[in-house]
Amino acid sequence: MSEQTLHYPNSTEPQVFTQAQLDWLPWMEPLPEAELTPRHFDGLVDASRAKSPYFRLLARDPDTLGARTRTDKDIFYNPDGGLPRAERELAAAATSRLNGCIYCASVHARFASHFSRREEDVQKLLDQGVQADLGPRWNAIVAASVALTETPLALDAGHIDGLRQNGLDDYAIADALQGAAFFNWANRLMLSLGEPALETAQA
Amino acid sequence: MTSAWNPSETDDVIDQLAGIQPGSHLDAVRRHRLQAREQAQQSYLALLAPRAPLSSQWPLNERLAVAAFVAVLHQQPQVQRFYRDALATQASLALGKAIEAEAAQGLARGPYGQYPQGPLSAEDQAGPVYVVAAQNRAVLGERLSAGLAHAHLLAFHPRDAKPAHLQALLDAGWSATDIVVLSQLVSFLAFQIRVVAGLRLLQAHPAPSPSPSPSASAPQPTAEENAA
């Protein structure tokens, strides 16, 4: 008999997009913490990620996880110029909204709210979807992220012009595009290897 | 089978596919996020030229078959050609033809799929459920056929994913670790293809005056002209 997937009959899945903290439950066994080797820790990059079932599941292929994590960190956390952090997170949240990743959207909507202090606009994106009117600059970033997320890709020169008209130079545009592209990677993993759950109330 | 498949650390595949020349403006833009540039290449190598000791025994020819399939689904010409040629170095003509045929019958528009029942159900979007054609199953085999079905799900309607999709892979002979590699490969390609397409577009539509600096730019319009 083959291996069996994991099921969570007692968990409650979120029914709407939210900025609340969610859990994520894996559908296959993560590596046990006790079995992690130096190669796994190199893939996890931060030792604290060994606590995360998501990262310990991806650690089954540690080299890919390590390269993925380092790509992610540079696109989103590198403070040197380019697009402000809040708007990189906006690209991630918009991509997650279109793909339908409630878990990813919750994390990156929170980050977008935190760095922009525009929690209401971020909530509008979650509630109304990617057509929400968030003002010209955010609209241009959302539109480009969404067009890049469609398959086949719908990004065209009009989206690039829209970003330029709103003050983005090529460094900022590349950050927006890489942020949206990266979440096309992340969304697919989170959506297909496990499920989001409302955090259980503390006893 | 034609030439060898040996991607290297130094031949950056995104630059190659996006047509970015060393020393060009887009090269500078990419190198501004140098770690992202290097680690995108490392991701590509980890998935398609994995280092020993291997964490998964999933064979290279099947990895390239999935890559060629996913590339066609995205309809990005440079990437499509690249992975088709890559597959040809490792697979029989019959396998290459079966992949081309399956990708052609798998074309769709995404993302579609269903949400958890509730307020978001109004946003549910129907789309095709891809099944490998009977006449190609023999040449692809059960394992790779199951892999293609999963790749199609991830490419076009990942929000439809359920534990049953992973169970189907496990039942077709995939290990949990193989499934992680398959998921990473398809998801990574979704990223790589978008970076290639985005950078190609940015390069093809340069800003009217690249990197303007106050001293080098044309005389500034007067306040009156600005107001007009």
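I looked up the buried residues of α6(B) and found B:L95, B:G96, B:A98, B:I99, B:E102, B:A103 and B:G106. I noted that they cover an arc of only 160° around the axis, which puts them on the same side of α6(B). The general rule is that an α-helix has 3.6 residues a turn, so residues three or four places apart point the same way. I keep in mind that this is a predicted model.

Next I turned to the opposite face. The face of α6(B) turned away from the buried side carries the exposed residues B:L93, B:A94 and B:A104. I then asked what the buried residues of α6(B) pack against. I found α4 (60-74), α5 (77-90) and α7, which belong to chain B.

I checked the length of α6(B). At 1.5 Å a residue, its 14 residues should span 20 Å, and the end C-alpha atoms are 20 Å apart, which agrees.

I followed the chain to B:G118, which sits in the loop between α6 (93-106) and α7 (134-156) of chain B. Is B:G118 buried or exposed? I recorded B:G118 as exposed, because 11 other C-beta atoms lie within 10 Å and the cut-off for exposed is 12 or fewer. Leaving out residues up to four places away in sequence, B:G118 touches A:Q15 and A:V16.

I looked up the largest nonpolar core and found 122 residues in it. A:A176 and B:F69 have the most contacts inside this core. The largest share of the core, 18 residues, comes from α9(B). I also listed neighbours of A:A176, not counting residues up to four places away in sequence; among them are A:L83, A:I141, A:L163 and A:L168.

Last, I took down chain B as a whole. Chain B has ten helices and zero strands. The C-alpha trace of chain B spans about 70 × 50 × 30 Å along its principal axes. Of the 228 residues in chain B, 43% are buried. Among contacts in chain B with a separation of 6 or more, 71% join residues 24 or more positions apart.

Terms used. Residues are numbered from 1 along each chain as its sequence is written. Chains are lettered from A and ligands numbered from 1 in the order in which they are written. This is a predicted model: local features need pLDDT of at least 70, side-chain atom pairs count only at pLDDT 80 or more; totals for chains, interfaces and linings use all residues. Helices (H or I, at least four residues) and strands (E, at least two) are DSSP runs, numbered from the N terminus. A residue is buried if 20 or more other C-beta atoms lie within 10 Å of its own, exposed if 12 or fewer, and partly exposed in between; C-beta atoms are placed from the backbone. Two residues are in contact if their C-beta atoms, placed from the backbone, lie within 7 Å. The expected span of a helix is 1.5 Å times one less than its number of residues. The arc is that of the directions from the helix axis to the C-beta atoms. A nonpolar core is a set of buried Ala, Val, Leu, Ile, Met, Phe, Trp, Tyr and Cys residues joined through C-beta atoms within 7 Å.
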